[in-house]
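Subject: Structure handover

Hello,

I am passing on the structure we spoke about, followed by notes on what was found in it. Please look through the sequence and the model before reading further.

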Amino acid sequence: MPLPNPILIQKPFSLAHMRSAFAHSDPKGLAAMTPLMPWDYYYFKDEFDKTLDTAYWTTAVSAGGGPTAFAVNNQRNGAIQGATGVTDDDVTAITFARVIFDPADKPLFWLRWIAPAAVTGFSFEIGFSDAKTAEELPGVTDVDADPPTVGNGVTDIACVHMDTDQAVATARLVADGTTGASQGLTLVNRAGTAWTPTASGIIDVIVGVEANLSRCWIWDSLAPVGIMQALSQGPDSAILVRPYALFRTRNTTSKTITLLKAVIVAEENRTT
């Protein structure tokens, strides 16, 4: 038998290839194979185990009391680390360098990070948006309002936003598009309790969008927080967005944030 070679496959590295090879069409099984199917999926992964690649990521910090931009940190399996600084409202943020994802392709952003040692006086925002006016500021300007207020030059967004300075001090899923009004949803665990990250916990945030629809999953210290939560609003089709993460101190204690890995997946639906 000759050695296997992709040239012998009619449509190598595709969804059709995997379905044929494994004789099933179970969506769960096939979803696990997206890294193996560049014919049908965009897939990007960064383990943050080397100097931050500025072709893929840009960093931003506020101009206050000495925030530190995200940079490689030599620790187990690799990571990048940043700090907010000690001035109230200081920020460290990271953004995918190119605004290239169409909500029609159902992009997904998974970020694994370590929460700061103190999660009081703390705010974060993780998700997708079109370009902001200032990358060191959040896209959600009032998370308490229903519907929430979106600003900073953003028209299309889906994010998990938390701000302990607000009346709603726990995390919310917030979404808005060029079409329709913004929406917000307070995120709860399986006991129905509103969620804030565990201090020094490993946090997994997954945000996925499609045209005017937003979803998220969260794990806190390897335990699921609730079930998949969704809003019937989000970025419009054909409005390009990109993933980002922003972390902010809301007091005079610096918050050190460690990012462990990032994954981006999107369907490959281009016709031109």
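This is a predicted model: local features need pLDDT of at least 70, side-chain atom pairs count only at pLDDT 80 or more; totals for chains, interfaces and linings use all residues.

Residues are numbered from 1 along each chain as its sequence is written, and side-chain values use heavy atoms, with hydrogens and water left out.

The sheet

Seven strands make an open sheet with antiparallel pairing, in the order E2-E5-E17-E7-E10-E11-E12. The edges are strand E2 (57-61) and strand E12 (183-186); each has a single partner strand, so one side of each has no neighbour in the sheet. From one strand to the next, the twist averages 15 degrees. Strands (E) are DSSP runs of at least two residues, helices (H or I) runs of at least four, numbered from the N terminus. Two strands pair if DSSP finds at least two bridges between them.

Strand E10

Seven of the seven residues of strand E10 (residues 157-163) are buried, where buried means under 20% relative accessible area, exposed over 50%, and partly exposed in between (1.4 Å probe, protein chains only). One side carries Ile157, Cys159, His161 and Asp163, the other Ala158, Val160 and Met162, and both faces are covered. E10 pairs antiparallel with strand E7 (residues 122-129) over seven bridges. Ser129 has Ile157 as its bridge partner, and Ser123 has Asp163. E10 is also joined to strand E11 (residues 172-176) by five bridges, again antiparallel, with Ile157 opposite Asp176.

Salt bridges

The whole structure holds 13 salt bridges, each being a side-chain nitrogen of Lys or Arg within 4 Å of a carboxyl oxygen of Asp or Glu. Arg250 forms one with Asp163, with the closest N and O atoms 2.6 Å apart. This pair links Arg250, in the loop between E17 and E18, to Asp163 in strand E10, 87 residues apart. Both Arg250 and Asp163 are buried. Salt bridges that share partners join Asp89, Asp163, Asp165 and Arg250 into one network.

Arg250 also forms a salt bridge with Asp89, at 2.5 Å between the closest N and O atoms. Arg250 lies between strand E17 (242-249) and strand E18 (256-267), and Asp89 between strand E4 (79-83) and strand E5 (91-96), so the pair ties together parts 161 residues apart in sequence. Asp89 is partly exposed at 31% relative accessibility.

Another of the salt bridges joins Lys45 and Glu47 (3.6 Å, N to O). Lys45 is partly exposed, with a relative accessible area of 45%, and Glu47 is partly exposed at 23%.

Ile218

Ile218 belongs to strand E14 (residues 213-220) and is buried at 3% relative accessibility. Its C-alpha atom is 4.7 Å from that of Val205, 13 residues away along the chain. Beyond neighbours within four places in sequence, the contacts of Ile218 (heavy atoms within 4.5 Å) include Val160, Leu187 and Trp195.

Regards

Definitions and conventions
Axes are lines fitted to C-alpha atoms, for helices over the stretch in contact, and angles run from 0 to 180 degrees between N-to-C directions.
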